[in-house]
Amino acid sequence: MRISKKTMAIAGFAAAALMLSACGGGDSGSGDGSPSTGKKMRLALNQTEEHPSYVALDHFNDYLKENTEGWEIDVFPNETLGAQAEALQLVSDGSVDMAIVSGPQLENLNADFTVFNLPKVFDGVEHQMSVINNPEITSELYASLEDSNKITVLGGFTQGARSVYTSFGPITTPADLNGKKLRVQESKLNISMAEALGAAATPMAYGELYTGLQSGVVDAAENNEVSYFTQKHFEVAPYWSSTKHLVGLDYLIINSKVLSGMSEQDRAAFDKGWTAAYEEHTTLWAEATQEAIDGAKAGGAKFSEVDDAAFTEALTALAAEYITNDTQQGLYDAARAAAK
Ligand code: GCU
């Protein structure tokens with residue numbers, strides 16, 4: 001985990017919050033529906049302050065300050081409130097108000113989220129954003145964790161296309177990953193995906209990956225160019241192979257009681273501000289991706305193409321394996337129908 005400006009002052013928070021939640025006393029603010037620090041909501045993010053998600057959320061905060069009765073978002077970057085798996089728990093118990101969590105984390109609470117994490121479900125960022133911001137497709141899914149976990153999903157930021165990068169050399173077909181330790185996000189689908197590519201799946205938190213690659217605990221990882229660059233993974237895994245095996249998605253989640261504690265007017269402004277935030281994020285994303293490619297190359301990374309058909313073939317069976325109920329089939333069909 002990289003240390004940022006804010007990190008030092010609050011490093012102890014995550015541990016303290018986890019202890020509280022373990023004792024069942026973590027909902028310091030959520031019991032009465034108010035956030036843990038008045039109307040100043042704490043948001044857990046695992047990216048740096050340069051990442052488009054931080055920038056867009058920071059502007060979302062500016063918007064709330066100007067347009068609501070005192071609501072604010074204090075964005076804590078770099079996993080300072082905990083890695084995503086912890087952040088999810090902290091939002092659920094109310095000790096943290098909001099978080100950005102990757103799709104695979106929500107899979108662990110409701111398997112229907114798996115559909116949007118599948119390889120090849122989205123053709124690109126535009127297609128993905130049109131699906132995940134369409135309430136006709138997503139409203140039930142996004143409300144599905146409210147009763148069980150007190151979590152409301154508000155929508156998402158794209159992660160762009162994810163590709164494989166390694167410390168050992170370029171890959172062109174899945175056979176090049178045979179037996180290699182591939183870091184994946186912590187979910188069943190992600191483990192199956194690594195296995196379908198012939199790799200040894202190694203689930204690991206994002207913030208541990210730099211040292212994981214550096215020390216040889218893992219030989220490879222998969223992510224987008226922006227993470228590859230902002231996390232400096234190119235320093236320890238300089239071979240980027242453009243598998244573009246899936247378009248990833250980060251969700252903005254909020255403690256449901258905090259959300260319902262907003263007045264109608266503030267809620268309307270909140271929704272407007274969030275729409276502006278994800279739209280800004282999508283614009284920033286394209287720019288940041290190009291900057292990341294240029295930056296990683298300047299830092300010595302080597303980019304190469306792969307045998308697309310070989311990767312597609314290896315991953316095709318996952319959809320059938322993971323779509324096992326009508327809700328999932330409905331989400332999948334709706335997503336595919338929205339593809340141009
Ligand atoms: C991306 C994504 C994060 C996720 C990370 C990962 O960076 O934006 O939310 O945690 O990938 O691979 O863990």
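**Close-up 1. The buried residues of helix 15.** In this predicted model, Gln-328, Leu-331 and Ala-335 are the buried residues of helix 15, where buried means under 20% relative accessible area, exposed over 50% and partly exposed in between (1.4 Å probe, protein chains only). They lie on the same side of helix 15 because they cover an arc of only 65° around the axis, the arc being that of the directions from the helix axis to the C-beta atoms. On the other side of helix 15, Asp-326 and Ala-337 are exposed. The packing partners of the buried residues are helix 5 (125-132), helix 6 (135-143) and helix 14 (317-322); helices (H or I, at least four residues) and strands (E, at least two) are DSSP runs, numbered from the N terminus.

**Close-up 2. The N-terminal end of helix 15.** Asn-325 caps this end of helix 15, with a side-chain oxygen 3.0 Å from the backbone nitrogen of Thr-327.

**Close-up 3. The largest nonpolar core.** This core has 75 residues, and Met-41, Phe-116, Ile-253 and Phe-270 have the most contacts inside it; a nonpolar core is a set of buried Ala, Val, Leu, Ile, Met, Phe, Trp, Tyr and Cys residues joined through side-chain atoms within 4.5 Å. Strand 8 (residues 239-255) contributes the largest share of this core, 7 residues. Not counting residues up to four places away in sequence, Phe-270 touches residues including Met-41, Phe-60, Leu-154 and Met-262, contact meaning heavy atoms within 4.5 Å.

**Notes.** Residues are numbered from 1 along each chain as its sequence is written, and side-chain values use heavy atoms, with hydrogens and water left out. In this predicted model, local features need pLDDT of at least 70 and side-chain atom pairs count only at pLDDT 80 or more, whereas totals for chains, interfaces and linings use all residues.

Methods: A polar contact is a pair of N or O atoms within 3.5 Å; within protein, one must be able to donate a hydrogen and the other to accept it, and residues adjacent in sequence count only if both atoms are side-chain atoms.
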